[in-house]
Amino acid sequence: MMTATTQKIHTHRYLLTAAQCNAQSELSPAMLVQHVIEVATEHADALGVGFKQLEADGNLWVLSRIAFEVKRYPRLLEEYSLSTWVESYNRHFSQRNFEIRGAGDEVIGYARTIWVAINMNTRRPASLDHFDFLAELVSDKECPIAPPGKIRAIDPPQMCHPYSFQVSDIDVNRHVNSSRYVELIINQMDLDTYDNFYVSRFEIEFRHEAHYADDVEVCSAFAPDGKSLVSIINLAEKPICLARTITLPRLISN
């Protein structure tokens, strides 16, 4: 793995090994989200607004929303890269975008994310006013996909599955890892469906934190258009996150 950073754009290069592939011999949506978080963290550190800088004020970055669109996922033994840049920021939020390139420098997808700075103790939004130098680091690079939209839960759901968060679901901030939510939502599909269709667009909105031993329900239903699956993860009838998954037929067999 290699990284390259300019002041405004940061790129991380990968090689997809067999150990990192899903059953379809490609990068999974959850692993893509994990890469997004990893590359965003690297760039924030390089810009001087990373974990160490925020921790000094008792704050941290939390992923609030993500939307990504791909025409395909990186495949087994393919070299691919993620590039990231800051599109905008204000005193509480930062919008950061990503470009995904596959072999031969082919653009295969984009992602949009919204990050919020919160206080470690109060879990309330923190101020980014003292990072005003970020205004000089905003990039005008285009991200052609639609931003995350409002997701409305469908009532009643068509399927629900109970889940209790385990040790391996918890990250360094002592709450559930963002990519774990993605895995739970993708698991609403069966293997036959996933062998024949791929997730072309995925959106998730995080509303509340979940922690070790929390018992939740993962519920889903198809939207009225019949093309998208809307999922919600509930803790005691309180939405933790909402997601919308759009699938398309696979053009090649795995």
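Guide: The following account treats the aromatic pairs, then the charges over rings, and then the salt bridges. The model is a predicted one.

A pair of aromatic rings is described by the distance of the centres and the angle of the planes. In this model the count is 6 aromatic pairs. One of them joins Tyr14 and Tyr80: the ring centres are 5.2 Å apart and the planes meet at 15°, so the pair is stacked, the cut-off for stacking being under 30 degrees. Tyr14 belongs to strand 2 (residues 10-15) and Tyr80 to strand 4 (residues 79-89), so this contact ties together parts that are 66 residues apart in sequence. Tyr14 counts as buried because its relative accessibility is 5%, and the limit for that class is under 20%. Tyr80, with a relative accessible area of 3%, is buried as well.

Phe68 and Phe202 form a further stacked pair, since their centres are 5.7 Å apart and their planes lie at 20°. Here Phe68 comes from strand 3 (residues 59-70) and Phe202 from strand 8 (residues 197-206), so the pair ties together parts that are 134 residues apart in sequence. Both Phe68 and Phe202 are buried.

The charged end of Arg250 sits over the ring of Tyr194, 5.5 Å from its centre. Likewise, the charged end of Lys141 is placed over the ring of Trp85, at 5.2 Å from the ring centre.

Lys141 is partly exposed at 26% relative accessibility, whereas Glu99 is buried at 5%.

The count of salt bridges comes to 17. Among them is the bridge between Glu106 and Lys71, at 3.3 Å from N to O. Glu106 is in the loop between strand 5 (93-101) and strand 6 (107-119), and Lys71 in the loop between strand 3 and strand 4, 35 residues apart. Glu106 counts as partly exposed, at 27% relative accessibility. Another bridge joins Glu78 and Arg72 at 2.7 Å, N to O, and both of these residues are buried. Finally, salt bridges link Glu69, Arg201, Glu203 and Arg244 in a network.

How values were computed:
Residues numbered from 1 in each chain as written. Predicted model: local features only at pLDDT ≥ 70, side-chain atom pairs only at ≥ 80, totals over all residues. Heavy atoms only, no water. Phe/Tyr/Trp six-rings, centres within 6.5 Å; stacked < 30°, edge-to-face > 60°. Helix = DSSP H or I, 4+ residues; strand = E, 2+ residues; numbered from the N terminus. Buried < 20%, exposed > 50% of the residue type's maximum accessible area, 1.4 Å probe, protein only. Lys NZ or Arg CZ within 6 Å of the ring centre and 35° of its normal. Salt bridge = Lys/Arg side-chain N within 4 Å of Asp/Glu carboxyl O.
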